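Hi everyone, thanks for coming. I'd like to walk you through a structure that may be new to you, so please have a look at the screen.

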Amino acid sequence: MKFALLILASFLLLPAFVPAQDTDTDYSRYVSPWKTPWDYEGPQGAQHWSELDPDYAACNKGMEQSPIDIRNARKADLPAIRFEYKSSPLKYVINNAHTIRVNYHDAPGEGNFLVVGDKRYQLTQFHFHHPSEEHIDGKRYEMVLHLMHTAADQEVAGVAVLLKRGHENATIQQVWDHMPDIEAQEEVVGTELDPAGMMPHDTGYFLYTGSLSAPPCTEAVKWFVLKTPVEISAAQIQQFAKLYPRDARPLQPLNGRVVQESQ
Ligand code: ZN
């Protein structure tokens, strides 16, 4: 009885001290983000995603899907973008069977932000693809980093940072040092990670409207594809490729969409 009262008391006290979203989910246990398995190739491959689960309908029926080949971009007077990224403890590195991913569970209004004009999008997760999903004038890069953000009005904005062979990236190495080689997550202690360490100095970008590039392929995602790539070492590329030799969705039709390019 005393125990039950104690539990009741702690539940009553909890909301005052802990952000709501941290009380209902246990992030210390790995859970796949997908209830229906899928793959990039084979019977559960990209051509079949819509058949696997009605929730994945947009994948093969949507008209504004990602990734795309970015060409004939139209120069436009687009707002400058800014990254308000900062150092915070790296808690878990996740291998979700399709990529290596780091999640952010900051309370709304806290954490890391992409700022576009006067709109703020909060960083929710970042992950990688090998090779890059985006093509620029028909050319793909060795890898791409996707940073996903959500605004207060629930609009989703993806930032794509193309990765090319060159110097080692120390921030990416912090992630690689803890990536599980099977579907699981690794708990990290004592590492502070700043996503800014993975960003180019120049934030000129291409802009188009697309989708999540993995099931459920949800549309109305604003994609900011940064024009300036960031370097990653050959050894780092190989370390990721050993786990994921090819985790990139094929190019999707433009269907009349226009890609804009910042000045
Ligand atoms: Zn992605």
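Let's start with strands S12 and S17, the latter covering residues 230–232: they run parallel and share 3 bridges. A word on terms: strands here are DSSP runs of E with at least two residues, helices are runs of H or I with at least four, and both are numbered from the N terminus. Two strands count as paired if DSSP finds at least two bridges between them. Within this pair, lysine 164 sits opposite glutamate 231 of S17.

Now, this is a predicted model, so local features need pLDDT of at least 70 and side-chain atom pairs count only at pLDDT 80 or more, while totals for chains, interfaces and linings use all residues. Residues are numbered from 1 along each chain as its sequence is written. As for pLDDT, that is the predictor's confidence in each residue, from 0 to 100. The chain averages 92, and 91% of the residues score at least 70. Residues 1–20, though, fall below 50, and beyond near neighbours in sequence this stretch has 4 contacts in the model. A contact means two C-beta atoms, placed from the backbone, within 7 Å.

Back to S12, which has other partners. With strand S16, residues 219–226, S12 pairs in the parallel sense over 5 bridges, and there alanine 160 has valine 225 as its bridge partner. With strand S11, residues 143–151, the pairing is antiparallel, over 8 bridges. Here histidine 149 faces alanine 157 of S12. The hairpin of S11 and S12 has 4 residues between the strands, and glutamine 154 takes a positive phi near 75° in it.

So, is S12 mostly covered or uncovered? Covered: 7 of its 10 residues are buried. Buried means 20 or more other C-beta atoms within 10 Å of a residue's own; 12 or fewer is exposed, in between is partly exposed, and the C-beta atoms are placed from the backbone.

That brings us to the nonpolar core, a set of buried Ala, Val, Leu, Ile, Met, Phe, Trp, Tyr and Cys residues joined through C-beta atoms within 7 Å. The largest one has 45 residues, and Val161, Leu163 and Phe224 touch the most other members. S12, residues 156–165, gives the most to this core, with 6 residues. Leaving aside residues up to four places away in sequence, leucine 163 touches several residues, including Tyr141, Met143, Val230 and Ile232.

Finally, the whole chain: there are 6 helices and 18 strands, and 31% of the 263 residues are buried.
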